[in-house]
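These are my notebook entries on side-chain pairings looked up in one structure.

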Amino acid sequence: MRAECGAALWSDASRSLLGVSGLIKRLPLGAHLSSLGPSGRGCGQRSRRRYPDMPEAKPEASPEDQSPTAEEPTGVFLKKPESVSVETGKDVVVVAKVNGKELPDKPTIKWFKGKWLELGSKSGARFSFKESHDSASNVYTVELHIGKVVLGDRGDYRLEVKAKDACDSCGFNIDVEAPRQDASGQSLESFKRMGEKKSDTAGELDFSGLLKKREVVEEEKKKKKKDDDDLGIPPEIWELLKGAKKSEYEKIAFQYGITDLRGMLKRLKKAKVEVKKSAAFTKKLDPAYQVDRGNKIKLMVEISDPDLPLKWFKNGQEIKPSSKYVFENVGKKRILTINKCTLADDAAYEVAVKDEKCFTELFVKEPAVLIVTPLEDQQVFVGDRVEMAVEVSEEGAQVMWMKDGVELTREDSFKARYRFKKDGKRHILIFSDVVQEDRGRYQVITNGGQCEAELIVEEKQLEVLQDIADLTVKASEQAVFKCEVSDEKVTGKWYKNGIEVRPSKRITISHVGRFHKLVIDDVRPEDEGDYMFVPDGYALSLSAKLNFLEIKVEYVPKQEPPKIHLDCSGKTSENTIVVVAGNKLRLDVSITGEPPPVATWLKGDEVFTTTEGRTRIEKRVDCSSFVIESAEREDEGRYTIKVTNPVGEDVASIFLQVVDVPDPPEAVRITSVGEDWAILVWEPPTYDGGKPVTGYLVERKKKGSQRWMKLNFEVFTETTYESTKMIEGILYEMRVFAVNAIGVSQPSMNTKPFMPIAPTSEPLHLIVEDVTDTTTTLKWRPPSRIGAGGIDGYLVEYCLEGSEEWVPANTEPVERCGFTVKNLPTGARILFRVVGVNIAGRSEPATLAQPVTIREIAEPPKIRLPRHLRQTYIRKVGEQLNLVVPFQGKPRPQVVWTKGGAPLDTSRVHVRTSDFDTVFFVRQAARSDSGEYELSVQIENMKDTATIRIRVVEKAGPPINVMVKEVWGTNALVEWQAPKDDGNSEITGYFVQKADKKTMPKVVWMKNKMEIREDPKFLITNYQGVLTLNIRRPSPFDAGTYTCRAVNELGEALAECKLEVRVPQ
């Protein structure tokens, strides 16, 4: 209906523009008397002055005589709003009446000024609206009140009425005039009587006030004339109107919001300005053009002289011909074609011919840019390089990056630590050295979609893999302090007693990968002290002490028993050394004895003699060393050193414990899921690395993604974890790390992909459809929320009144929204409930509010005979008879079919009866099946019957006693009698055929040259000279060569064909 209302609006506006004088003449003379004041005489004078071409209104004239051309109310309006004329500062009331009988519902009333400016509460306090309804006559009265009108209130108005699909509207005009004046142009209020304390009718008129106000009145007249001329319309719009055609006035007025169309036309009529035609252009450019990016656009002008030189400009720069810009000259037309428009072509264009120019603007429209590959969440450490990439559907598309709702711009990127990069359809935000301030929610927005992801920035923790150890060295020996940290990029400084150590000839400082070394050659007593290594950028320090060992020369006897110098030595003492797997172990054991003893190492009970390789023995004077490069778990065990010389022997045992990170957790699996959560369980690792497992770290990612998201930053001590804040319907994978004092294990096997899903909501509108003595049939509607897991079916349960045990009625979910519960105890009161089931489990149950009594309610039998069986049912011989007759009744009624009071022949008629219908079926109807059939449906002493009439028809027999009664000329009179067999149907007419005797041959059909005689399998017909052989139900036996032979007195004719009968596979 919006289109119809719009059509009516344009029609009214057109009348107000193109037929102003006619509209004024159609106004009734008394249309505005109510708004011009109490003096009817004054109003009548103004009417005659303003519209001198109108006849004067006679007091005795009826309203019909005063306005003989007034329009009759049409549509839903009993009284249309009338156009009025009112003085500035006065109030005006516009009234209309609407016929409620023509409307389907209560109408919605809207008032408009101009075309689309709706008047309402925001229009100001001067505008008020009133609506009343007379219920007796069903008439709606609507009023528009405008208080203290101003010049800006004049113009066209429209009243629109809507009620559901009904819509109607009508227009009217309000003309606003200056205050009423006399014929001399002076205000009557300027006159006053002389004398004090006299009435208005006493004394003489004082003209002094009038003379004093003459100058003021003249200024007001000039101001009024200027206001009337301008109408509040800018000068550039007047220039546009002067150069436009009359047919374009309405379009321009609508475009620039001009509502006083009458005043605009008056001013244009007074101006009488001729449109100045261009000397160079006969057709200029349109004000604006629009083109989709990638398409081409043509800009065309037409010049008066084809020999005039012409130039095209873009943003003031002259355009030169190229493959991008193509110039064409077609007669007087000059065409600029811009190929494959881009955003750079969105500009102002002008064309110049001598001193004349015309301008236009070209707008290049961007296609919708879609997100193809969205952003992904990232978890990084401080100082890492981060690239957040998104792929869109268009190359060169404009995208906007946002961080926590604030736009990221290229101007700010010079101050910040990020930069933008475009790679075809990929847009990348790059952080070369990410810091904590860069974490947050990042969003990419295009004109066709958006995506977002979270950037998590963590402080990088520096781990000490090998600490520096205290050293005790002798004079002139070498001291080596060595440590290993987790980050090979970390630098640091060495300090001695708080003073930084600088490299020199004796002191060497090195940094190779994760290892930092301080080497002091030719150790001296002054080198003794506390040494410390401090990594740059971390609140961490590693310290050790260097002890200088003075060598004292003592007299040693030539014979001395061997001695092993350990902190704990002796045959029964035990010393345990702990080493981290992967680190180097060097056991330096000092040995004394004279003569020098021989050292033997044993691992367990086996002698170890290898001097090369990862595990080896190194021998030096007074020292035996056991070295393990990169310790492994297999190196753990008890090591024994035995030293012997002729004087004796000494033995010491060392237990080496190799500790490592634990093995990954085992049997990681998801046990249950919800709408946005999942429960993860696992088993502890079989090997704890030699140190107790202190906890676990859990990570999660979307399936197909390579970025894992850490879920806990503090170790989790349990083996069951609930992961939350997941998206329903998305596949996820999870894994677990074990943590001990040494470090973090390798990740466990990923869980099988799982999807967070939730059970459905409860089924809706559970009702009881039917109840018998032992069954109850329930119906319901699907849940309002199913979710990504879908629904597998429904389970029905019941509970006896007074009991709390719910018994399942079905073990397998049913897919349809209905189920019959069977084998219920008669007379019991039972509650029923239904739950929805999907992969996430059972939904909340939908339970009946009241228990159901299991007892069948008797319903009398009723046959619902279909409409086509209420009259004689006619079928042809050989067709099927398939009659379906529905009925109702409870308990199940007894159904009986009879024909003429006798039972049916079950060899021909098959009857099937269900709880609600009965089917009468005959495979091939015969004429003997015709007759009246009675159907009875009975429950105890209640019975309903119906009669069905069936007629089986076939073709009638041939007419009999055919004779020619009379022949004259080329005419013959033929008479016959009706056939003996009418085919069980009324004879409706006859066909008469003739044939010359000589053209009626004898026709013989043959199969394999054997004549086909009267065989019911073959049907031979001759219709108007067309010979047909029909074979009923062909079989492979019927294959062969068939011949048709026609013989008459003049000869014979043969036609043969070969028939193949294929058995379907």
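Entry 1: I looked up Arg502, which counts as exposed because its relative accessibility is 58%; exposed means over 50% relative accessible area, buried under 20% and partly exposed in between, with a 1.4 Å probe and protein chains only. Its side chain meets that of Glu500 in a salt bridge, at 3.4 Å from N to O. I take a salt bridge as a side-chain nitrogen of Lys or Arg within 4 Å of a carboxyl oxygen of Asp or Glu. Glu500 is partly exposed, at 28% relative accessible area.

**Basis of the entries.** I note that this is a predicted model, in which local features need pLDDT of at least 70 and side-chain atom pairs count only at pLDDT 80 or more, whereas totals for chains, interfaces and linings use all residues. Residues are numbered from 1 along each chain as its sequence is written, and side-chain values use heavy atoms, with hydrogens and water left out.

**Entry 2: further salt bridges.** How many salt bridges does a search of the whole structure find? I recorded 43. Side chains of opposite charge can pair when their charged atoms come close.

I then examined Glu618 and Arg586, which form a salt bridge with their closest N and O atoms 2.7 Å apart. Because Glu618 belongs to strand β44 (residues 615–620) and Arg586 to strand β41 (residues 585–594), this pair ties together parts 32 residues apart in sequence. Strands here are DSSP runs of E, at least two residues long, numbered from the N terminus. Glu618 is partly exposed at 24%, and Arg586 is partly exposed at 34%. I found both residues again in a network of salt bridges that links Lys584, Arg586, Asp588, Arg616, Glu618 and Glu629.

I also looked up Glu954 and Arg927, whose side chains meet in a salt bridge at 2.9 Å, N to O. Glu954 sits in the loop between β71 (942–953) and β72 (960–968), and Arg927 in the loop between β69 (917–922) and β70 (931–939), so the pair ties together parts 27 residues apart in sequence. Glu954 is partly exposed at 38%, as is Arg927 at 28%.

**Entry 3: aromatic rings.** The whole structure holds 19 aromatic pairs. For a pair, ring centres of Phe, Tyr or Trp (its six-membered ring) lie within 6.5 Å; planes under 30 degrees apart count as stacked, over 60 as edge-to-face and the rest as tilted.

Tyr157 and Phe172 have ring centres 5.7 Å apart and planes at 15°, so I list them as stacked. Tyr157 lies in strand β8 (residues 155–163) and Phe172 in strand β9 (residues 166–177), 15 residues apart in sequence. Tyr157 is buried at 3%, and Phe172 is buried at 3%.

Phe920 and Tyr933 are edge-to-face, because their planes stand at 70° with the centres 5.0 Å apart. This pair links strand β69, holding Phe920, to strand β70, holding Tyr933, 13 residues apart. Phe920 is buried at 0%, and Tyr933 is buried at 2%.

I noted one aromatic cluster formed by Trp401, Tyr418, Phe420, Phe431 and Tyr442.

**Entry 4: a strand residue.** Lastly I looked up Asn547, in strand β38 (residues 542–549). Asn547 is partly exposed at 25%. Beyond its neighbours within four places in sequence, Asn547 is in contact (heavy atoms within 4.5 Å) with Leu471, Thr472, Val473 and Glu528. The C-alpha atoms of Asn547 and Glu528 are separated by 5.5 Å, although the two are 19 residues apart along the chain.

Key
Helix = DSSP H or I, 4+ residues; strand = E, 2+ residues; numbered from the N terminus.
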